[in-house]
Amino acid sequence: MASFELNTAFKPSGDQEQAIAKLLKSLEAGNKHQALLGVTGSGKTFTMANLIARMNRPTLVISHNKTLAAQLHSELKSFFPNNAVDYYVSYFDYYQPEAYIASTDTYIEKDSAINDELDRLSLNAMNSLLTRRDVIVVASVSCIYGLSTPEDYRNLTLAICEGDIMDRDVFLKNLVERLFERQDFDFVRGSFRVRGEIVEVYPAYSEGEAIRVEFFGDEIERISLIDAMSGRVRERLRNYTFFPAKQYVAAPEKRAVALRAIRDELAERVAWFEKQGRLLEAQRLKMRTEYDLELISELGFCKGIENYSRHLSGRLPGSAPSTLLDFFPKDSLTLIDESHAAVPQIGGMYEGDRSRKNILVEHGFRLPSALDNRPLKFHEFMERQNQIVYASATPGPFELINCRVDNKTFIPVRRAGRGADKVPEDFKGIVFHSPKEIRVSPSPSSEPIEKFDPTKRRTPLIVEQIIRPTGLLEPIITIRPLKNQIDETIALCNERVAKHERVLVTTLTKRTAEDLTEYLKGVGLRVSYIHADVDAIQRVEILRALRAQKIDVLVGINLLREGLDLPEVSLVCILDADKEGFLRNETSLVQTAGRAARHVHGECVLFADVMTDSIQRLIELTNYRRSIQQQYNEKHGITPMTVSRSEQGRLRLYDDEDENVSRMAESDADEGLSERIARLEVEMKEASSHLEFERAAMIRDEIKALKEGKSLY
């Protein structure tokens, strides 16, 4: 059995060694929940890599967005070059779900643009899980959405070997049943072409390599691995196994049963609409479904086939769909990065999907069975987990309640309900129903999912990792009155700018951020704002400008939090810090203050007249962490140093000095509009294939502007 090989010259240092040891002890003791409370810059990814190597189990790593997932995938791939490290996220560059707005009688058809490379990576992850155990899959929340069952996917593999007796036409039929398409001229992934007795197949999960199968009569004479573009033979193979070309597949025998079940459901639903006098809905449903049935019968696939997944898989009404989680063995390990954001995201997927599809079903756009094409409910996700490690600098209530709090460790606990300021040690029934609903009661509910039982847990399940390799301390927390907070902010900004340092300022609303930016510009500061209405590529450019000292102050709302790596920032100013709420709760304050934790002079100034619970917890947590960090530095003779990071490369298509020249050349009609759009579409797909999502988003916006006759600049 293959094992994980951690390839690195680094060894665990600081808190990493004790964190790894405690987490391993907890996992080996059989605990389902454990948390790694690691501050920014403490090396949580390296700790997770050590856990994976030592546990030696197939591992799922969940991140709450594609970009962070791509970063994790890149880091883990460098740690495990000899193992399978796969990337599984939504394979759409653009996705508009099917929807209906009843108030205006507006039907919005499903529209999407599939990213060919992401589709390949997703299929490769599924194949890896079916063929080996040394697998790490870095995934977004898309891992809880429906797929074919592992059994169906495995049963539809096609194994061939030199010398096998197989008619060429039978081989071609087998490929079609596995949803490969014949493309004699446009040879792309998921297709095959035929040249006499030679069949070339381009697997959907392959990267530039195809399989050439040569027949001699009814015998497979030769199998070769070839370059998909040139056709040059790379390697002679004795055997090969083809996997299905799409994620949604069903065996022909199951397909026939499914078609009958769909027709029965259609007849029943049409009769119901007619009985209600809703003839329009009845006719609409009948036409759409019969068209889909015809395509499935003839081609084995149709647009929106996932809406019939319950029938194709033979599931009972209301049962959970098969997902990527079902491809993992029962002893697998799950790591959830930035769990305070990822866990609520997982818990919120089902309800949003359900509310949209209820309307489609009610108005005859889909059969009721389409409701079973859905993401997992939160308890279904948890039931499929063997052991979980949550990683976050600010664990949420869900993680804290389901992981025992060590008395010797300071762990901030947010309110999970009235009177629930902390987790009592003698709770007999703590039950979670969702990440947002935590019930604390003397007795569990009638349908408990997990119970907190301190008598059964003898190892620490929440492990702190707060010592940074750079020796940096938590930023100093300073509280100033609200009166004259703008004037004070200006003075503080000027002090930092004089030292060639940068400042972040957070407000409560977009309008305030924009107005404050204009005001600060008026007093001579180089400043910009960033919020949700700012285009993704522009956000990256603004952050780059801040690092390059083209601007000194950045004003924002909620984007200045997780994943923002700005070592030049030495000061964070939080305006109206005592306005308790989502933007000023404990997690937001800790995450925002942490943006100054990469600078040796890091400081966070809160403007507040009231000492809220969140501010108090922030101060207590910061003081606790600083005391430990200072003691460690003094003991080991460490002098804190500001983090050094290379400047981020440009994401624009042109450098500043080339932009005007480029636009002038384009306006001179050297390149027609249609040709330019076509070129940009190719560049957008290329950027997406290299996981450069911000650059792809910028190109997409330029294409849209060109089509609308507007200027992006």
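Analyst: Contact here means heavy atoms within 4.5 Å. The model is a predicted one. On the contact criterion, and leaving aside residues up to four places away in sequence, Thr507 touches Thr512, Ala513, Leu516, Val555, Gly556, Ile557, Leu575 and Arg584. Thr507 belongs to the loop between β23 (502–506) and α14 (510–522).

User: Why is Thr507 called buried?

Analyst: Buried means under 20% relative accessible area. Thr507 has 1% relative accessibility, so Thr507 counts as buried.

User: What makes the approach of the Thr507 side chain to the backbone oxygen of Thr509 a polar contact?

Analyst: The side chain of Thr507 reaches that oxygen of Thr509 at 3.2 Å, and the cut-off for a pair of N or O atoms is 3.5 Å.

User: Why is the pair of Tyr240 and Phe242 called edge-to-face?

Analyst: Ring centres must lie within 6.5 Å, and planes over 60 degrees apart count as edge-to-face. The centres of Tyr240 and Phe242 are 4.9 Å apart with planes at 65 degrees, so the pair is edge-to-face. Both residues, Tyr240 and Phe242, are buried.

User: How do you know that the charged end of Arg269 sits over the ring of Trp272?

Analyst: The distance limit is 6 Å from the ring centre, together with an angle within 35 degrees of the ring normal. The charged end of Arg269 is 4.6 Å from the ring centre of Trp272 and is assigned as sitting over that ring.

Key:
Residues numbered from 1 in each chain as written. Predicted model: local features only at pLDDT ≥ 70, side-chain atom pairs only at ≥ 80, totals over all residues. Heavy atoms only, no water. Helix = DSSP H or I, 4+ residues; strand = E, 2+ residues; numbered from the N terminus. Buried < 20%, exposed > 50% of the residue type's maximum accessible area, 1.4 Å probe, protein only. Polar contact = N/O pair within 3.5 Å; in protein donor to acceptor, adjacent residues only side chain to side chain. Phe/Tyr/Trp six-rings, centres within 6.5 Å; stacked < 30°, edge-to-face > 60°.
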